[in-house]
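This briefing goes through a structure topic by topic. Please keep the sequence and the model open while reading.

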Amino acid sequence: MRSRRVRRAVTVVALLALMAAFGFGVNRLIASRKTNIHSETSSYVPTATRPAIVLPGTLYLAQGGQLYRLSDGYFTSLHSSTTAGTWMQPAYVPGTQNILAVLRSAEYSNLYLLSSQGTVIRRLSNNAVVASKVTQVWLNHWMFWPHFGPTGTLYFAYDEPKNSSSYAVDFSIWSGSLTGTLANQRLTTANPFTGGDVEPVPMANGDVMFSRYSISNGNAFSFIALETKPLVQPAILSTGAQDCGQADPSPDGTMVAMICIGGTGLQSTRLEVAPLVGTKLGTPRTLVNNCLCSAPVWAPDGSGLVYYNATDSAGHFELWWLKGALTATPAAPLQVTSNLNFDATSPPSWSPLTSIPVMAR
Amino acid sequence: MLLGFLIAFGFVLSGAVGAVAYFMPAIVTAFQDTGHSITRITPAATARASASASASAAATQPPSVAPPPGAPFTVLLLGSDNDAKFGGTVLTQSMILARVNPTTRHVVMESIPRDLWVPLASGGSAKIDAAYLHGGASGAVATVEEDFHIHIDHYAWIGLLGLVNLIDQVGGIDVVATNPVMDDYYPADISGTNPYAYERVAVLPGPQHMNGIQALEYVRSRHGDLRSDFGRSQRQQQVLLALRAKAKLLGIADLPDIATAMANDFSTDMSISQIASLLPIASSVQLQNVQQVILAPPYTSNLQIDNQDALAPNWNLILPETHKYFPAV
């Protein structure tokens with residue numbers, strides 16, 4: 001009789017435990033149906049992945065405030081300290097294994113010269129306001145999009161000239177050198193209150209291609225522009241309706257890759273190429289439509305181009321390769337990386353050099 | 001037989017408890033933040049309030065009848081500061097009228113400039129962003145209804161932190177930044193200890209992934225933009241559409257996290273069932289079926305009044321344009 005009671009009690013306890021477990025299971029089952037779209041936490045570091053194909057030369061890229069090198073099919077972290085801000089927009093220094101990069105802090109950004117291993121060789125600019133005026137944040141400056149020309153001249157966008165009695169803060173294109181004055185020569189005069197002139201890319205003949213912003217009829221537009229002489233009106237190569245920017249001329253100077261958003265309702269972009277003849281752009285050809293493509297960069301040998309595109313629901317920007325973009329029949333785009341999350345505002349920098357020593361993969 | 005029923009009931013009950021426990025944050029938020037009623041202020045009361053400049057004098061009428069299911073309806077979307085420097089009283093930084101047609105899946109969004117100088121339902125004239133300051137959501141709804149001669153069925157208010165948390169909760173949004181958005185006088189009222197301090201903003205142009213703070217900077221900054229508030233209105237609509245694209249991916253299991261993120265920073269007069277019926281509509285609206293209206297010049301013109309920079313409405317243009325999409329009353 002007693003053992004029967006005990007058995008019954010054990011059965012009841014077991015049933016209650018099972019019910020509790022069932023309730024917990026239902027709770028966890030629903031939780032497991034959550035959408036996994038936490039982009040910042042669900043991406044891998046590049047060094048934990050391998051690209052789908054081996055690209056020639058060396059690519060420098062930025063993700064999560066860190067700089068990475070992609071060479072010979074392997075990513076290498078440049079291990080730059082991120083305590084002072086986020087690293088972005090790497091640019092290789094022609095003929096060397098050093099790179100230039102932007103270190104962005106909350107109120108300013110500076111250009112740094114780094115070794116191939118990511119060690120800071122030198123800070124090139126001093127855009128932070130002095131400590132005694134730290135609350136006057138408008139005295140700080142921004143510098144972005146460094147890019148070297150074939151003669152070693154450095155080009156970048158800089159928010160000077162700036163008048164602290166005005167709300168206008170606009171980028172202009174500047175040039176300088178690593179060894180002399182960094183902001184030596186202002187090349188462009190931006191349209192005020194538009195954001196200005198950005199993304200300079202020097203060409204073999206010394207001209208500088210860049211994106212110029214303009215505002216009319218209540219809308220902001222970007223034009224591809226070509227500066228042939230400092231502070232003169234640049235040649236405008238595209239129309240406001242096309243709304244194109246992020247231009248990159250091919251190594252042979254015959255074609256321009258660009259990102260256009262005209263007619264997309266500002267929710268997507270197109271990757272286009274157009275022939276360049278003198279200071280005129282020919283009829284553009286759309287290579288990828290209805291995408292979130294950005295930052296196209298030609299391979300040093302012109303065999304194709306890489307670009308970023310957001311390919312999954314999380315909005316991760318991955319690296320893509322488009323072979324034969326100079327030809328009339330380019331290959332289908334190929335996704336190079338997966339589960340990464342590149343900084344889409346940091347165009348890749350593609351050096352033809354491959355002889356960088358591989359360390360600590 | 002009875003024992004079997006009891007055991008089955010026990011399992012059903014425990015499963016229900018498990019589910020309710022999971023959805024508890026959403027349930028709490030739903031009861032706290034939804035179903036707020038709009039107190040509709042009558043024109044007569046407005047006149048009296050005008051004389052006394054007091055919203056408290058306003059007489060009220062019962063809330064209007066909700067539109068039948070499937071019928072087009074109008075929502076006033078309000079976004080505002082909710083930081084310390086206003087001592088609990090806040091201005092709206094964003095006012096967007098949205099007309100939703102559930103049958104055709106067509107949406108029109110019309111941004112109302114915050115500096116528009118209008119008669120307020122609570123009395124007197126001021127910038128329209130003060131309508132919320134003086135009368136809360138009811139004051140904002142009544143002011144827009146009276147000035148634009150339309151009927152508003154519902155409102156939804158979200159605070160700055162609510163927007164930041166919502167965007168972070170959905171894993172950020174992908175936005176094609178229209179131009180470099182530069183601002184040296186952006187209010188540092190979210191992150192810093194001094195709500196009157198400034199910080200610098202530089203949103204670089206082109207496609208990019210934005211977290212909540214970055215998206216807030218993009219939609220809130222206006223000093224470096226030639227269009228000032230109009231540029232910001234366009235960016236606000238753009239971010240709303242980007243958020244809609246991300247929301248399409250969410251499922252019911254995501255509700256508790258979303259609710260927790262927005263707790264205390266969201267309120268609406270819509271009921272839980274009305275919000276639930278809206279979600280499938282929001283996710284099925286195609287981008288080409290979303291029409292965006294910005295009341296830039298010539299709908300408005302610059303105005304200096306009471307030592308303030310404001311915008312004078314050109315009602316002869318605004319009302320016909322508005323009534324193309326929002327039925328006149």
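Predicted model: local features only at pLDDT ≥ 70, side-chain atom pairs only at ≥ 80, totals over all residues.

What percentage of the 329 residues of chain B count as buried? The share is 49%.

**Chain B overall**

- Chain B contains nine helices and 16 strands.
- Among contacts in chain B with a separation of 6 or more, 66% are between residues 24 or more positions apart.

**Helix 7 of chain B**

- Helix 7 of chain B spans residues 255-262, and its buried residues are B:Leu255, B:Pro256, B:Ala259, B:Ala261 and B:Met262.
- The cover over these buried residues includes helix 1 (2-33), helix 4 (160-169) and strand 13 (266-268) of chain B.
- After helix 7 of chain B comes B:Asn264, which has a positive phi, near 70°.

**Helices 5 and 6 of chain B**

- A pair of packed helices is described by the angle between the axes and by the distance between them.
- For helix 5 (residues 212-220) and helix 6 of chain B, the axes cross at roughly 145° and come within 7 Å.
- On the helix 5 side of chain B, B:Ala215, B:Tyr218, B:Val219 and B:Arg220 take part, and they meet B:Arg232, B:Arg235, B:Gln236 and B:Val239 of helix 6.
- By class, the residues of this helix 5 to helix 6 contact in chain B are four nonpolar, one polar and three charged.

**Contact between the chains**

- Chain A contributes 57 residues to the contact and chain B contributes 52 residues.
- On the side of chain B that touches chain A, at least two residues each come from helix 1, strand 9 (173-177), strand 10 (181-187), strand 11 (198-203), strand 12 (206-210) and helix 6 (229-247) of chain B.
- Helix 1 of chain B gives the most to that side, with 10 residues.
- The side of chain B that touches chain A is made up of 28 nonpolar, 16 polar and eight charged residues.

**Nonpolar core**

- The largest nonpolar core holds 173 residues, and A:Phe156, A:Ile224, A:Val256, B:Leu76 and B:Tyr155 have the most contacts inside it.
- Helix 3 (residues 130-148) of chain B gives the most to this core, with 10 residues.
- Leaving aside residues up to four places away in sequence, A:Val256 touches A:Ile224, A:Ala247, A:Asp248, A:Pro249, A:Val273, A:Ala274, A:Leu276 and A:Leu281.

**An open sheet in chain A**

- Four strands of chain A form an open sheet with antiparallel pairing, in the order 4-5-6-7.
- Strand 4 (86-92) and strand 7 (120-123) of chain A are at the edges; each has a single partner strand, so one side of each has no neighbour in the sheet.
- On average, neighbouring strands of this sheet are turned by 30° against each other, direction ignored.
- Five bridges join strand 4 of chain A to strand 5 (residues 99-104) of chain A in the antiparallel sense.
- A:Trp87 has A:Leu103, in strand 5 of chain A, as its bridge partner.

**A:Gly240**

- A:Gly240 sits in the loop between strand 15 (235-236) and strand 16 (244-249) of chain A.
- With 17 other C-beta atoms within 10 Å, A:Gly240 is partly exposed, because a residue counts as buried at 20 or more and as exposed at 12 or fewer.
- A:Gly240 touches A:Ser214, A:Phe221 and A:Phe223, not counting residues up to four places away in sequence.
- From C-alpha to C-alpha, A:Gly240 and A:Ile215 are 9.4 Å apart in space, and they are 25 residues apart in sequence.

Terms used: Residues numbered from 1 in each chain as written. Chains lettered and ligands numbered in written order. Contact = placed C-beta atoms within 7 Å. Nonpolar A, V, L, I, M, F, W, Y, C, P; charged D, E, K, R; others polar. Pairing = 2+ DSSP bridges. Axes fitted to C-alpha atoms, helices over the stretch in contact; angles between N-to-C directions. Core = buried A, V, L, I, M, F, W, Y, C linked by C-beta atoms within 7 Å.
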